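The following paragraphs lead through a protein model, from the exposure of single residues to the contact between chains. Please keep the sequence and the coordinates at hand while reading.

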Amino acid sequence: MVGFVPTIHVFLSNAQVVDARHRAEHDAAEHWTRTMLEIRNLVVKIADEDKQILNGLNLTVNDGEVAAIMGPNGSGKSTLSYVIAGKEDYEVLDGEILLNGENVLEMEADQRAAAGIFLAFQYPLEIPGVATMTFLKAAMNAQRKARGEDELLTPDFIKAVNSAADKLGIAKDMLRRPLNVGFSGGEKKRMEILQMALLSPSMCILDETDSGLDIDALRIVAEGVNALRAKNRSFLVITHYQRLLDHIVPDTVHVMSNGRIVKTGGKELALELEKSGYASYGEAA
Amino acid sequence: MAIVTPLKTAAEQQLVQQYADSKAELPGGPAVRKLREDAFAGFEAKGLPHRRLESWRYTDLRTLLREARPLADGVAVTAAVKARLDELKLEGLRLVLVDGVFAPELSTLNAIPEGVSVQSLAEALVSAREDLTRILAGPSVGNDDMGLALNTALMRDGVFVAIADGVELEQPIVIVSLASGEEERAVFHRSVVLAGQGAKGSIIEVSEAAGTAAQQINGAIVFETADESEIQHVRLVTRQQGATVEVQSLLATVGAHAKFDSFALVANAGTVRQQHFIRFAGEHSEIGLRGVNLINKTQHSDVTLIVDHEVPHGISRELFKTIAGGESTGVFQGKVIVRPHAQKTDGGMKSNALLLNDGATMFNKPELEIFADDVVCGHGATVAQIDGEQLFYLMARGLPRPQAEALVLQAFAGEAVEFVADENVRELVMAEVESWLKAREAASEVSTV
């Protein structure tokens with residue numbers, strides 16, 4: 001059993017209170033004018049099982065905000081990222097996910113991507129036989145097409161890729177290989193950030209982007225992310241550890257436990273968690 | 001006394017009649033005539049191959065051929081034939097068969113490279129070549145096959161190509177076999193390619209319908225490649241009528257220190273049975289057999305092969321990729337035989353299939369018969385659906401599902417296509433794969449497994 005903390009129990013038993021506080025904090029900061037992502041009372045289970053993972057989750061991310069989600073293993077962090085991005089293995093039992101006020105739950109994953117959602121995978125998939133450049137071009141053009149724009153001209157495409165790759169220290173050789181095949185953990189994560197830079201999404205979700213990275217790779221990836229921070233682009237940074245947040249400094253930190261956001265604070269909350277651990281949030285329900 | 005099974009089906013009886021009617025005019029000297037007689041006697045004893053024969057278990061020719069169509073016996077150069085030849089993008093020496101009969105006027109005989117001789121099979125069959133029947137018979141592992149026996153008995157024409165010692169072809173030799181197809185016909189053709197010592201080159205076979213009528217096609221190609229030769233064979237079956245039944249036999253006898261590769265693409269066809277009978281006749285040679293089968297609707301694609309490691313130090317690789325949608329059926333039966341003294345054999349056989357619908361079926365049957373004790377042989381056979389994780393990854397980057405599936409499928413097929421050595425041919429093969437996938441994408445077909 002894990003220690004019982006009364007103040008937190010209050011948050012848990014009344015999600016609305018958490019939400020209200022959360023908003024109040026944001027309002028107080030005053031430099032966010034608009035909501036990018038709003039998740040209301042999200043209840044999700046695994047499609048083929050009776051296992052419920054998200055239990056009435058509420059979360060708001062404003063324009064230009066970098067929000068971190070921290071939490072112990074099994075708290076539902078990755079599930080949240082997959083559900084936002086539109087993975088099919090889950091069933092949404094209740095709630096809404098609004099991106100710029102529009103419910104994305106009715107959309108397929110590709111439509112969500114076109115609407116501006118980008119998930120940087122914890123474990124990017126290896127796709128043998130698909131050249132990285134072919135994939136990048138297909139992805140960029142698919143999104144342009146969905147937005148009613150013309151296809152990219154090849155020279156413009158190559159220029160864009162080379163410029164973004166240089167910034168992330170991605171060698172030309174990597175771009176010639178099949179997508180993610182034989183890439184190291186660090187290379188895969190850099191490739192994710194390269195895609196993020198090229199697709200210029202408005203809502204970026206980073207799922208444990210720090211896992212499997214050494215200090216140097218972490219710094220390169222974090223710099224890549226920081227370079228993309230903008231007024232009209234928000235981030236949801238999911239991580240176990242404070243370490244990543246030293247490099248990508250968040251505006252807000254949310255603690256997730258048992259499928260809910262159980263505490264919300266500023267960047268100092270991450271430091272607190274690093275000291276005290278998640279134990280006090282473990283038995284949240 | 002041998003037990004003789006009476007021939008029962010209408011098709012079998014029609015074939016007996018056709019052989020009786022045509023054997024006097026089918027080309028060949030006494031030795032060839034005897035070859036035909038022996039082959040047909042085998043057929044009369046056993047009948048059309050059927051599902052109770054292990055090697056034909058999944059492609060029951062007795063059921064598929066309810067009636068034997070009349071034998072095609074002349075060159076019908078239709079407008080459709082000419083149009084198709086004009087469209088064909090393959091460069092190189094072009095040798096054209098129409099309804100199984102060599103059409104010199106449609107072939108580019110002025111482009112025969114030095115060191116290459118070409119004649120029609122009909123001419124070769126009446127020549128005085130002493131080794132003719134041995135060449136025609138091919139590897140012994142194919143001798144019991146009744147599909148091949150029927151071809152031996154009824155083969156009318158084809159081409160007989162010899163590449164002299166040391167000759168390296170700059171461009172492929174393209175054997176185009178078109179069915180003029182205004183009427184339903186049965187076509188029996190056979191071609192022979194002899195590669196001299198150290199000869200190098202590509203032979204491309206195209207089997208297509210120019211017309212609209214279903215055909216019964218029984219084709220064979222025989223390779224005899226000498227020591228140190230490097231021969232690549234590519235077969236394209238990409239435009240056939242859905243009701244066409246096609247049996248294609250590939251026979252190869254490969255000399256020492258030689259390389260022999262074959263790649264076959266089947267797409268937009270009806271029922272296709274490809275059977276490869278391959279023999280290592282010399283040591284230190286490498287043989288690669290690969291292919292891609294793209295099937296949909298009620299199409300049926302069967303690849304059955306026997307690789308006979310008769311001598312030591314042989315390397316063999318097989319890789320077949322099947323993508324099956326609709327109510328289609330894919331078959332792979334691969335047998336690698338390693339004879340008792342064929343030590344240091346290195347064999348690797350793989351067949352991978354992706355099923356796109358619940359209605360699609362794949363039969364995978366790899367077999368190893370190893371009688372030597374110092375060999376490395378392996379096989380792998382998989383049947384799966386498109387990887388949902390890969391799909392989600394691509395879709396999360398904005399690719400709509402049909403496009404994401406096409407990309408994954410293209411990559412899957414590409415793993416076999418990349419072994420086609422000639423760059424132009426490889427690109428053409430990949431373009432055919434892409435166009436099949438595009439058609440599927442355009443129809444917004446997505447997998448439902």
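A residue is called buried when its relative accessible area is under 20%, exposed when it is over 50%, and partly exposed in between. The model discussed here is a predicted one. With a relative accessible area of 45%, B:Asp38 is therefore partly exposed. B:Asp38 forms a salt bridge with B:Lys34, and their closest N and O atoms are 2.7 Å apart. The two residues are four positions apart in helix α2 (residues 30–46) of chain B, so about one helical turn separates them.

The side chains of B:Arg235 and B:Glu205 meet in a salt bridge at 3.2 Å, N to O. B:Arg235 belongs to strand β9 (residues 230–239) of chain B and B:Glu205 to strand β7 (residues 200–209) of chain B, so the pair ties together parts that are 30 residues apart in sequence. B:Arg235 counts as buried because its relative accessibility is 1%, and B:Glu205 counts as buried at 7%.

The strands β7 and β9 of chain B are part of an open sheet of 10 strands, whose order is β2-β1-β5-β7-β9-β11-β13-β15-β17-β19 and whose pairing is mixed. Its edge strands are β2 (101–102) and β19 (376–384) of chain B, each of which pairs on one side only. Within this sheet, strand β15 (residues 315–324) of chain B and strand β17 (residues 346–355) of chain B run parallel and are joined by 10 bridges. Along this pairing, B:Thr322 stands opposite B:Ala353 in β17(B).

Attention now turns to chain A, which contains 11 helices and 10 strands. Of its 285 residues, 54% count as buried. Among the contacts in chain A with a separation of 6 or more, 72% are between residues 24 or more positions apart.

Where in chain A does strand β9 (residues 252–257) lie, enclosed or open? Six of its six residues are buried, so the strand is largely enclosed by the rest of the structure. In a regular strand the side chains alternate between the two faces of the sheet. Accordingly, A:Thr252, A:His254 and A:Met256 point one way from β9(A), while A:Val253, A:Val255 and A:Ser257 point the other way.

Two neighbouring strands pair with β9(A). Strand β3 (residues 66–70) of chain A pairs with β9(A) in the parallel sense over four bridges, and A:Ala67 stands opposite A:Thr252. Strand β10 (residues 260–265) of chain A runs antiparallel to β9(A), with five bridges joining them. A:Ile261 in β10(A) is the bridge partner of A:Met256. The hairpin of β9(A) and β10(A) has two residues between the strands, and A:Asn258 takes a positive phi near 50 degrees there.

A:Arg229 forms a salt bridge with A:Asp251, with 3.8 Å between the closest N and O atoms. A:Arg229 lies in the loop between α9 (215–228) and β8 (234–239) of chain A and A:Asp251 in the loop between α10 (243–247) and β9 of chain A, so the pair ties together parts that are 22 residues apart in sequence. A:Arg229 is partly exposed, at 30% relative accessibility, as is A:Asp251, at 28%.

Strand β6 (residues 117–120) of chain A is likewise covered on both faces: A:Ile117 and A:Leu119 are buried on one side, A:Phe118 and A:Ala120 on the other. β6(A) runs parallel to strand β7 (residues 203–207) of chain A, to which four bridges join it. Here A:Phe118 stands opposite A:Cys204.

The last topic is the interface. In it, 16 residues of chain B are in contact with 33 residues of chain A. The two chains bury about 2,000 Å² between them, 67% of it on carbon and sulfur atoms. In chain B, B:Phe392, B:Tyr393 and B:Arg397 lose the most area to chain A, together 40% of what that side buries. Four salt bridges are counted between the chains; one of them joins B:Arg401 and A:Glu88 at 2.5 Å, N to O. There are also 12 residue pairs in polar contact between chain B and chain A. Helices α8 (388–395) and α9 (401–417) of chain B each supply at least two residues of the side that touches chain A, and the largest share, six residues, comes from α8(B). By class, that side of chain B has nine nonpolar, three polar and four charged residues.

Conventions: Residues numbered from 1 in each chain as written. Chains lettered and ligands numbered in written order. Predicted model: local features only at pLDDT ≥ 70, side-chain atom pairs only at ≥ 80, totals over all residues. Heavy atoms only, no water. Buried < 20%, exposed > 50% of the residue type's maximum accessible area, 1.4 Å probe, protein only. Pairing = 2+ DSSP bridges. Contact = heavy atoms within 4.5 Å. Buried area = accessible area lost by both parts, 1.4 Å probe. Polar contact = N/O pair within 3.5 Å; in protein donor to acceptor, adjacent residues only side chain to side chain. Nonpolar A, V, L, I, M, F, W, Y, C, P; charged D, E, K, R; others polar.
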